[in-house]
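The sequence and structure come first.

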Amino acid sequence: MRHPFEPANLIAGLTATAVGTAYVLDAVGLWHAPGPWLFLAIPAGLLASGITAAAWAIVRRRHTDSRP
């Protein structure tokens with residue numbers, strides 16, 4: 001069974017993956033992660049995910065209302 005596409009989940013997952021990768025690279029010593037930017041990346045990603053979810057809900061509602 002296929003799941004419906006949820007762009008908000010995609011954005012949240014990509015944000016978490018990017019922050020996690022940055023922390024791992026910093027821990028291994030391959031890259032120095034700027035602390036405040038990583039700390040602010042999670043709330044920024046969640047905000048972007050919320051805005052995307054709201055926009056996606058509006059698009060889906062208008063799409064289903066226009067069907068005959």
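In which helix does Thr-15 lie? Thr-15 is part of helix 1; helices here are DSSP runs (H or I, at least four residues), numbered from the N terminus. The model is predicted: local features need pLDDT of at least 70, side-chain atom pairs count only at pLDDT 80 or more, and totals for chains, interfaces and linings use all residues. Residues are numbered from 1 along each chain as its sequence is written, and side-chain values use heavy atoms, with hydrogens and water left out.

Helix 1 has 22 residues and spans 31 Å from its first C-alpha to its last, close to the expected 32 Å (1.5 Å times one less than the number of residues). Its buried residues are Pro-7, Ala-8, Thr-15, Val-19 and Ala-22. Seen down the helix axis, these buried residues fall within an arc of 120°, so they line one face of helix 1; the arc is that of the directions from the axis to the C-beta atoms. The face turned away carries the exposed residues Asn-9, Leu-14, Val-24, Ala-27 and Val-28.

Buried means under 20% relative accessible area, exposed over 50%, and partly exposed in between (1.4 Å probe, protein chains only). Two residues compare as follows.

| Residue | State | Relative accessible area |
|---|---|---|
| Thr-15 | buried | 18% |
| Leu-30 | exposed | 66% |

Thr-15 touches Ala-41, Ile-42 and Gly-45, not counting residues up to four places away in sequence; contact means heavy atoms within 4.5 Å.

After helix 1 comes Gly-29, with a positive phi near 95°. Leu-30 sits in the loop between helix 1 (7–28) and helix 2 (35–65).

Notes:
Helices (H or I, at least four residues) and strands (E, at least two) are DSSP runs, numbered from the N terminus.
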